[in-house]
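Colleague: I am new to this structure and would be grateful for a close look at its helices and the loops beside them. Please define each term on the way.

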Amino acid sequence: MTREGVPVATEFVEPLFPCVETDDKPQDECGVMAVYLDPSQTNASGVLYQGLRGLQHRGQSGAGIAVADTISRYVDVPAGRTPLIVHKNNGLVDEAIGTEVFPLPNGSTRLDEGYRPNVGIGHVRYSTAESDSNAATQPFVGVKTGIALAHNGHVDDISRVAALYGITAEGTASDSALLTRVIDTRADALGSVRQSLLEVLPNIEGAYCLTVTDGKRIFAARDPWGFHPLALGKFEDERGYVVASESVIFDSVGAAFVRDIEPGEIVVADETGVTSLQMARQEATKRCMFEYIYTARPDGVIDNRSVYRARKNLGRSLAEDYPVDADVVVGVPSSGLAAATGFSEVSGLPRVDGIFKNAYIGRTFIERGDRRKQTLSEKFQMNREELAGRRIVLVDDSLIKGNTMKQLVSMLRDAGTAEVHVRLSAPRYENPCLMGMDTHDVGKLIARTHTDVEIAAIIGADSVAFNDINRAMEAIDNATVDPRLSQQLGAFCTACASGQYPITLGPDIVGLGIPKVRS
């Protein structure tokens, strides 16, 4: 098929389940990936498939890839353009992309054998309540130049930037779709994707990690604040390059970590190698603290900090600042386990596996009443033999709305626990995130309008305590892998806890007038 002269082939299949808002966590909205292989290598879709599965934790509502058709069957392809084949849909990676990219016995895929792509980009998406339709699934394809774009983050002011070029948002499904339209339009006018990125991106006030392809090369860009991670890897035997939201997936695709892409940097990978470009805008770095607290995989290293060590340190800080007269420590799987280990080491209390997570329940949907409790009980099972009659310290990563924690505490009570003391790795989450987390509705943030004592009463716990902002930052800083680089990494974004935003606030944030309380 063609779309305004740009050939694309897109498969849509009926999703196995609808996209709805997922459990009570500050979900990051996406993960991105890009692959450039030597032209002799034609398995880009297989590499993307494998890598996106490793990024599945960053988004479970939709996934997609766009790869080059190097043996184009299209007769209406403009001269010099490589058409892109796009497969995307709602659901997990296996569901969304489908059998076209499942590995064949020879290690290739049907998509690889049909189009022989050596270049492509990929995306996994977390659906917000405002964008849970298939139309918001990425990558997006530009109608003027045929480029494909995948975006992690949130650019609240993209409509303002679009207006600078006389571009409207009409017909776009999301900020990412409009961003694609702007970059595509300027690339067409300038005759260069590279020049379009250099011109447009410095004007944007917001968070973005981008991967872009024109079918011949890949581009990767990270906003000047460096809110979210983006890493560059290199395949063995000089076969090419890979970019991903997290370097932890490089091993699974046969690549080695080269370096983190710097804030304000644009990287281009093509047949000549890798070129680094710097945007005409510099900002003080503000890396998202929640990447370390919750979003990222625990076995990863982001900007020279070990995610596992950071979480363990956060638990140690909680034990030092908010000790509990208890019997055992229990971590909430999975992102609360490392912190529970740290709490146990400092407190001297044994850590027990008091909660088991069903690996075959992919997502906990937000439901109402009895259905929510039923769904949560399908995801978590209580280890009654370790819990009955004991005073427990329950360690988790964060508390946003309180719905999930309230149900967990109730399940622990039903399992016979004598006391439940909740300890949270993250500071009090009192403000909306404008940089890529789905917490725009201030009125739903329980810590904004309730003290710790009030929160404990609401969720049914005996006590509740959060890490202090400074202590949390110290815990993450102390997870540095290479001390020689620690002074070059800059500060963290703590807007969700402190209310101090590094970017200009948008006009449509729900509930900003709701006053805060202090514990």
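Modeller: A residue is called buried when its relative accessible area is under 20%, exposed when it is over 50%, and partly exposed in between, using a 1.4 Å probe and protein chains only. By that criterion, 61% of the 519 residues of the chain are buried. The model is a predicted one, in which local features need pLDDT of at least 70, side-chain atom pairs count only at pLDDT 80 or more, and totals for chains, interfaces and linings use all residues. Residues are numbered from 1 along each chain as its sequence is written, and side-chain values use heavy atoms, with hydrogens and water left out.

Of the contacts (heavy atoms within 4.5 Å) with a separation of 6 or more, 73% join residues 24 or more positions apart.

Confidence comes next. The mean pLDDT (the predictor's confidence in each residue, from 0 to 100) of the chain is 86, and 82% of the residues reach 70 or more. Residues 1–22 have pLDDT below 50, although this stretch has 63 contacts in the model beyond near neighbours in sequence. Residues 363–369 also stay under 50, with 20 contacts beyond four places in sequence. Where pLDDT is low, the predicted coordinates should not be read in detail.

Among the helices, α1 (residues 44–54) has nine of its 11 residues buried, so it is largely enclosed by the rest of the structure. The buried residues of α1 are Ala-44, Ser-45, Gly-46, Val-47, Leu-48, Tyr-49, Gly-51, Leu-52 and Gly-54. Their cover includes the strands β4 (30–37), β5 (62–68), β7 (119–125) and β12 (231–235), together with the helices α2 (93–97) and α3 (110–115).

Two pairs of packed helices can be described in detail. Helix α5 (residues 175–190) packs against helix α6 (residues 193–200) at an angle of about 125°, with the axes 8 Å apart. Because angles under 35 degrees count as roughly parallel, over 145 as roughly antiparallel, 65 to 115 as roughly perpendicular and the rest as oblique, α5 is oblique to α6. Here axes are lines fitted to C-alpha atoms, for helices over the stretch in contact, and angles run from 0 to 180 degrees between N-to-C directions. The crossing of α5 and α6 is right-handed; this term applies if the near helix is turned clockwise from the far one by less than a right angle, and left-handed if anticlockwise. On the α5 side the contact consists of Val-182, Ile-183, Arg-186, Ala-187 and Leu-190, and on the α6 side of Val-193, Gln-195, Ser-196, Leu-197, Glu-199 and Val-200. These comprise seven nonpolar, two polar and two charged residues, where Ala, Val, Leu, Ile, Met, Phe, Trp, Tyr, Cys and Pro count as nonpolar, Asp, Glu, Lys and Arg as charged, and the others, Gly among them, as polar.

In the second pair, the axes of helix α8 (residues 307–321) and helix α15 (residues 469–477) come within 8 Å and cross at roughly 140°. The helices α8 and α15 are therefore oblique to each other, and their crossing is right-handed. Ala-310, Asn-313, Leu-314, Ser-317, Glu-320 and Asp-321 of α8 meet Arg-471, Ala-472, Ala-475 and Ile-476 of α15. By class, this contact has five nonpolar, two polar and three charged residues.

Helix α8 also has a part in covering the buried residues of α9, as do β20 (328–331), β23 (391–396) and β24 (419–424), among others. In α9 (residues 337–347), the buried residues are Ala-338, Ala-339, Ala-340, Thr-341, Gly-342, Phe-343 and Ser-344. Gly-348, with a positive phi near 80°, follows α9. The loop between β20 and α9 contains Ser-334, and the peptide bond from Pro-333 to Ser-334 is cis, with omega near 0°.

Other loops also deserve attention. Asp-303 lies in the loop between β18 (301–302) and β19 (305–306); its phi is positive, near 50°, and at 4% relative accessibility Asp-303 is buried. Asn-304, in the loop between β18 and β19, has a positive phi near 70° and is buried at 10% relative accessible area. Asn-383 sits in the loop between β22 (380–382) and α11 (384–387) and is buried, at 15%. Beyond four places in sequence, Asn-383 is in contact with Asp-353, Gly-354 and Phe-356.

Note on methods. Helix = DSSP H or I, 4+ residues; strand = E, 2+ residues; numbered from the N terminus.
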